[in-house]
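This report describes one protein chain from its atoms.

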Amino acid sequence: MNVFYHLPGLFEFYDLYKAFLPLFREHREYFYEWCEIGSIYGAPSDCLWGGGRVGFGDAEPGEVAALMKKYCISARLTFSNSLLREEHLADKKCNALCALFEKNGEAPSGIIVHSDLLLDYIRAKYPGFYFVSSTTKVLTDFDQFEKELNRDDFRYVVPDFRLNKQFAKLNALTAAQKQKVEFLCNECCWFGCHERKKCYENVSLKNLGETQDDHVCASPNAGRGYRFSDAMKNPGFIGIEDIQNVYAPQGFRHFKIEGRSLGSALILEFLLYYMTKPEYQLQVREEIYLDSALDLF
């Protein structure tokens, strides 16, 4: 059974995907036969409806849409701002993005959403999208998570990473519910964090232009920044062997890789680890690194 990865940086890492996607299509033997790209998600810089991370994507939206259409990949707009008000719905930039991506080739486009206000607005005005319930809701209570799965509004639901290993409850889900679960694989956030929702709300305020202050992270390792080696030690980490031997056999097919705020060199390491056969990782790395159009750091 194939599994689907949902990759970060639709606008943020356009140049990387412009080099990677031809490689993925033309040299499929380099990559695991059982994995596919389910979507690429992100938001441009200064995106009022954005959330999760403060966007820095500066790729031209038309070029991004054309790349996704060419390779028949679902584009997901990350509109997970949790603090939107009625007056924000008229934002011209975000509405223009919806108009551009709503019908963009054979692969349907999606919206990652937190606010029900925004969900209702987009569903009424741009009915061509499917919706993903954002991990910014911080669904750490399994009963709440299951209720979210049962909502017809969402094609996928991303639980908080601290539910990733609750196997007894996860395996008790119905087959239809399992098809809607999209696990966040490589979170580096402190497993004991009690302020994750506040952190996301701080990002929402920044995207609305209502604060410039950073959330002060209470993690013991906050000063280290994101390190994949640290993420691998996180109790919620889902590695490639977990996907192959634990999750996929139980009927889970969707896995989200985080990293919109990281550098493209680290995103490449995620693509190598999760998608590329070990014996071909050097070839893929060389092909990408030797692309003179890329600035990987």
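## Thr 135 and its contacts

Leaving aside residues up to four places away in sequence, Thr 135 touches Val 158, Pro 159, Asp 160, Leu 184 and Tyr 200; a contact means heavy atoms within 4.5 Å. Thr 135 sits in the loop that runs between strand E5 (130–133) and helix H5 (142–149). Helices (H or I, at least four residues) and strands (E, at least two) are DSSP runs, numbered from the N terminus. Thr 135 counts as buried because its relative accessibility is 5%. Buried means under 20% relative accessible area, exposed means over 50%, and partly exposed lies in between (1.4 Å probe, protein chains only).

## Basis of the model

The model is predicted: local features need pLDDT of at least 70, side-chain atom pairs count only at pLDDT 80 or more, and totals for chains, interfaces and linings use all residues. Residues are numbered from 1 along each chain as its sequence is written, and side-chain values use heavy atoms, with hydrogens and water left out.

A salt bridge is a side-chain nitrogen of Lys or Arg within 4 Å of a carboxyl oxygen of Asp or Glu. Arg 162 and Asp 160 are both buried.

Glu 187 is in the loop between strand E7 (182–184) and helix H8 (196–207). With 5% relative accessibility, Glu 187 counts as buried. Along the chain Glu 187 and Arg 162 are 25 residues apart, and 9.6 Å separates their C-alpha atoms.

## Other salt bridges

The count of salt bridges comes to 13. One of them joins Arg 123 to Asp 120, with the closest N and O atoms 2.8 Å apart. Both residues belong to helix H4 (residues 116–125), where Arg 123 and Asp 120 are 3 residues apart, about one turn of the helix. Arg 123 has a relative accessible area of 37% and is therefore partly exposed; Asp 120, at 42% relative accessibility, is also partly exposed. A network of salt bridges links Asp 116, Asp 120, Arg 123, Lys 137, Glu 148, Arg 151 and Asp 153.

Arg 285 pairs with Glu 269 in a salt bridge whose closest N and O atoms are 3.2 Å apart. This pair links distant parts of the chain, 16 residues apart: Arg 285 is in helix H12 (residues 281–289) and Glu 269 in helix H11 (residues 264–275). Arg 285 counts as partly exposed at 25% relative accessibility, and Glu 269 is partly exposed with a relative accessible area of 26%.

## A negative patch

Asp 15, Asp 58, Glu 60 and Glu 63 form a patch of negative charge on the surface. Patch residues have over 30% relative accessible area and no salt bridge, with like charges joined within 9 Å and nonpolar side chains (Val, Leu, Ile, Met, Phe, Trp, Tyr) within 5 Å. Lys and Arg count as positive and Asp and Glu as negative, while His and the chain ends are not counted. A charge is placed at NZ of Lys, CZ of Arg, CG of Asp or CD of Glu.

Glu 63 lies in helix H2 (residues 61–70). Its 43% relative accessibility is why Glu 63 counts as partly exposed.

## The chain as a whole

The protein chain has 12 helices and 8 strands. Of its 297 residues, 55% are buried. Among contacts between residues at least 6 apart in sequence, 77% join residues at least 24 apart. The protein chain exposes about 13,100 Å², of which carbon and sulfur atoms supply 50%; accessible areas come from the Shrake-Rupley method with a 1.4 Å probe, and for residues only the protein chains shown count as cover.
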